[in-house]
Amino acid sequence: MKPIKILLLTLLAALSMGAVAQEAAIRKNLAERLPNLPKIDEVSKTPMPGLYEVRVNQSDIFYTDEKGNFLIQGSLIDTQARVDLTEQRIEKLTAIAFKDLPLKDAFTIVRGNGKRKMAVFSDPNCGFCKRFERDLVKIDNVTVHLFLYPVLGADSVEKSRNVWCAKDKAKAYLDWMVRDVTPPAASCDSAAVARNVEFGKKARITGTPTIIFADGSRVPGAIDMARIEKFLTDAKP
């Protein structure tokens with residue numbers, strides 16, 4: 001083996017060992033000094049020299065120095081590119097592939113040929129969700145996977161249960177969201193609704209409606225017909 005190649009391999013090995021030791025030091029110091037900090041999932045370098053990302057709870061981000069002497073919570077912004085690096089990182093960590101959605105815990109609303117697909121996380125007491133649904137009913141050739149996501153209180157949980165337990169879930173939901181007809185009381189195994197809330201927490205779905213298109217694009221909040229059509233057209237699974 002040529003001397004230069006040996007030297008390069010030696011340097012790479014030394015750098016790798018140094019990085020491992022540095023990560024171990026950060027983990028050790030933060031765990032000892034901040035016992036209430038959740039278990040660290042990952043420590044990685046950031047584009048800013050001397051600053052390290054500390055990831056906990058799957059997608060919660062903190063920053064620290066190379067020794068774990070300081071801990072920062074907030075956004076890391078690249079001022080040259082004018083990009084929020086923290087937001088980008090969280091979006092990547094919480095991205096949801098359409099195929100990974102728990103569709104068994106949703107019901108479907110099919111219009112036209114149903115070829116285009118989207119998923120919606122909706123709270124029945126969300127005014128923006130109602131506005132969104134009143135636009136969505138005008139969209140043709142789409143299959144909507146509707147996840148009941150009651151995050152606005154006990155009445156939302158009750159209405160979600162009544163919709164989920166209705167003989168025709170889609171009709172009960174649209175009667176309420178579009179026509180203001182309260183879903184009649186009903187009971188059944190509604191554990192799917194609770195699972196939706198747990199799934200949403202892990203995926204950082206923090207508001208309703210949240211829309212996910214077939215290519216994994218996530219849109220928080222109500223959007224109008226033109227934007228719905230554009231996302232549906234652009235989405236390529």
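**Exercise 1. Which residue forms a salt bridge with Glu42, and how many Å apart are the closest N and O atoms?**

*Solution.* This is a predicted model, in which local features need pLDDT of at least 70 and side-chain atom pairs count only at pLDDT 80 or more, while totals for chains, interfaces and linings use all residues. Residues are numbered from 1 along each chain as its sequence is written, and side-chain values use heavy atoms, with hydrogens and water left out.

Step 1. A salt bridge is a side-chain nitrogen of Lys or Arg within 4 Å of a carboxyl oxygen of Asp or Glu. The partner of Glu42 is Arg89, with the closest N and O atoms 3.1 Å apart.

Step 2. Glu42 belongs to strand β1 (residues 40-45) and Arg89 to helix α2 (residues 85-93), so the pair ties together parts 47 residues apart in sequence. Helices (H or I, at least four residues) and strands (E, at least two) are DSSP runs, numbered from the N terminus.

Step 3. Glu42 counts as partly exposed because its relative accessibility is 26%. Buried means under 20% relative accessible area, exposed over 50%, and partly exposed in between (1.4 Å probe, protein chains only).

Step 4. A network of salt bridges links Asp41, Glu42, Glu53, Arg55 and Arg89. The structure holds 19 salt bridges.

**Exercise 2. Determine which parts of the chain the salt bridge of Arg204 and Asp60 ties together.**

*Solution.* Step 1. The closest N and O atoms of Arg204 and Asp60 are 2.2 Å apart.

Step 1. Arg204 lies in the loop between α6 and β10 (210-213), and Asp60 lies in strand β3 (residues 60-64), so the parts joined are 144 residues apart in sequence.

Step 2. Arg204 has 28% relative accessibility and therefore counts as partly exposed. Asp60, at 25%, also counts as partly exposed.

**Exercise 3. Describe the sheet that contains β3.**

*Solution.* Step 1. The sheet is open and has 4 strands in the order β1-β2-β3-β4, with antiparallel pairing. Two strands pair if DSSP finds at least two bridges between them.

Step 1. The edges are β1 and β4 (71-72); each has a single partner strand, so one side of each is left without a neighbour in the sheet.

Step 2. Strand β2 (residues 52-56) is joined to β3 by 5 bridges, and the two run antiparallel. Ile61 in β3 is the bridge partner of Arg55.

**Exercise 4. Classify the aromatic pairs Phe107 with Tyr173 and Phe121 with Phe199.**

*Solution.* Step 1. Rings of Phe, Tyr and Trp (its six-membered ring) pair if their centres lie within 6.5 Å; planes under 30 degrees apart count as stacked, over 60 as edge-to-face and the rest as tilted. The whole structure has 5 aromatic pairs.

Step 1. Phe107 and Tyr173 have ring centres 5.8 Å apart and planes at 65 degrees, so the pair is edge-to-face. This pair links strand β7, which holds Phe107, with helix α5, which holds Tyr173, 66 residues apart.

Step 2. Phe107 is buried because its relative accessible area is 6%. Tyr173 is buried too, at 1%.

Step 3. The ring centres of Phe121 and Phe199 are 6.2 Å apart and the planes are at 10 degrees, so this pair is stacked. Phe121 lies in strand β8 and Phe199 in helix α6 (residues 191-202), so parts 78 residues apart in sequence are tied together.

Step 4. Phe121 is buried at 0% relative accessibility, whereas Phe199, at 23%, is partly exposed. Phe121, Phe147, Tyr149 and Phe199 form one aromatic cluster.
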